[in-house]
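Please look through the structure below before reading the points. They are meant to be checked against it one at a time.

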Amino acid sequence: MKHINAWTTYSKEDVKKVMKFGEEYRQFISRFKTCREFSFGTIDLAQQAGFTDLNKYISTGTKLKAGDKIYARNQGRLTILAVVGREPMDKVGLNILGAHIDSPRIDIKQNPIYQSDGVVMFETHYYGGINLYQWVNIPLSLHGVVYKTNGDKVYINIGEDPRDPVFFVNDILVHLGHKIATKPANEMINPEKMDLLVGSRPLVKGVDVKKDYEGAAEPNSSVSDPANEACTKFILKLLYDRYGIQERDFESAELEAIPLGEARNCGFDNSMIMGYGHDDSASAYPSLRAILDIEKPRKTCMCILVDKEEVGSLGATGMECRFFENTIAEMLELCGIPGMIHLRRAMARSHMISSDVSAAVDPNFHELFELRNSCFFGDGLVFNKYGGAAGKRSSNDADPEFVAKIRKICDEAKVTYQTAELGAVGVGGGGTIAAIPANYGMHVIDAGVAVLSMHCPWEVVNKADVYESYKGYKAFLRNC
């Protein structure tokens, strides 16, 4: 089956649209790099587009009507946007886009700080499936939030501003690393040695950390703590003076180290974007933009952006939580259709695209792909009928009737698309959120953007694929 490269189908005006959309995406993921930040960015765009907090409807008892736009948010990391349709949800179901907005990263432990050999380190615990050796010796920024016992919360974003310091996980020099270099790649880095280098300057008497952070100590000053903790105390004093954070506050913090820097245009032709977290921002952002464009649809349309997909979709902000189901129940109540049976009917009659990325064929690793059933850069939106591993285990498998319906929608909307599996049979595999909503009996298929170097600190996508995904998602919401 011959693939069509989307770029070959574009007029000059189309190319301008692709490049404009790509630039908007690049700027968004450069500003909102983590799950919590992506959720903030989502709410900001939603409010600009006329979406209202669902809680306002609930608290006032205001009924929902066709065309109303609402959003709901759970614990700062799970976000739902919806546009109420003209036909009842329990009769025709919903059209749903579902993506995840968490990405692999390095989390800071709750008791992180220690001093050793003249430097201060943060203990870490990696999040998601990563090759540890790819995350050493690269500049990292620190993002997150710290909640204090007095109710205050402190947002942290250190490193992205050129004036900020950066952090990194140090590695052994090649001159002493001969034995380590003989180990298999997955054993070269001990996960407990992925600690973050955060400081090396001792606290000295007579120095005001807040004012003299960049100044030298007085010649006659002495180290205030001779017990080899002076550098730790300097970092702790600096954190307190600058952010009001004490050491115990790390216990109620959510801090993550991620690759430093903006997403960048890639290639001589600027046709690609290199950035952190394309899995799954490259599918989540087009999903978000698609729902923002919907006005008074026939069926209620929804976009759900979830957390925790990279670690199993569990917890209060993962796809397994009841917030998705509860939000639809609240909407049904406000539409005058209360009751569990109506909720179950609405869920079972719904259609969903699990907006998640796929692995583009890598020219350096052809042997890991079966080329007739793989996706390629520039060939558009990728549909994965099934995923999983070792005989499709833990996979959703979309029903062929739904696949045919999706094909028809994309053909009529002139969306360039392709179908694929994640690598050759028996080589590996992966999962998405698709199997979870499928438990309600709804029709679900995976569809997203092809990615090179997935789960690496820097991933690459093709701008045409991001744009075709946006077109496909919007066509699905309007016409399914």
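1. Start at Asp-117, which sits in the loop between strand 5 (105–116) and strand 6 (119–127). The model is predicted. Phi of Asp-117 is near 55°, a positive value in a residue other than glycine. With 75% relative accessibility, Asp-117 counts as exposed.

2. Another positive phi, near 65°, belongs to Ser-313, again a residue other than glycine. Ser-313 is in the loop between strand 13 (300–306) and helix 9 (323–334). Its relative accessibility is 3%, so Ser-313 counts as buried. Most residues other than glycine have a negative phi, and most peptide bonds are trans.

3. A cis peptide bond is found between Asp-279 and Asp-280, with omega about 20°. Asp-280 is part of helix 8.

4. Helix 8 covers residues 278–292, 15 residues in total. From its first C-alpha to its last it reaches 20 Å, close to the 21 Å expected at 1.5 Å a residue. Helix 8 is largely enclosed by the rest of the structure, because 15 of its 15 residues are buried.

5. How many disulfides are there? The count is zero, taking a disulfide as a pair of cysteine sulfur atoms within 2.5 Å. Cys-321 is in no disulfide, and the nearest cysteine sulfur, in Cys-35, is 12 Å away. Cys-321 has 12% relative accessibility and so counts as buried.

6. For Cys-410, the closest cysteine sulfur is in Cys-480, at 10 Å, which is too far for a bond. Cys-410 also counts as buried, because its relative accessibility is 2%.

How values were computed:
Residues are numbered from 1 along each chain as its sequence is written. This is a predicted model: local features need pLDDT of at least 70, side-chain atom pairs count only at pLDDT 80 or more; totals for chains, interfaces and linings use all residues. Side-chain values use heavy atoms; hydrogens and water are left out. Helices (H or I, at least four residues) and strands (E, at least two) are DSSP runs, numbered from the N terminus. The expected span of a helix is 1.5 Å times one less than its number of residues. Buried means under 20% relative accessible area, exposed over 50%, partly exposed in between (1.4 Å probe, protein chains only).
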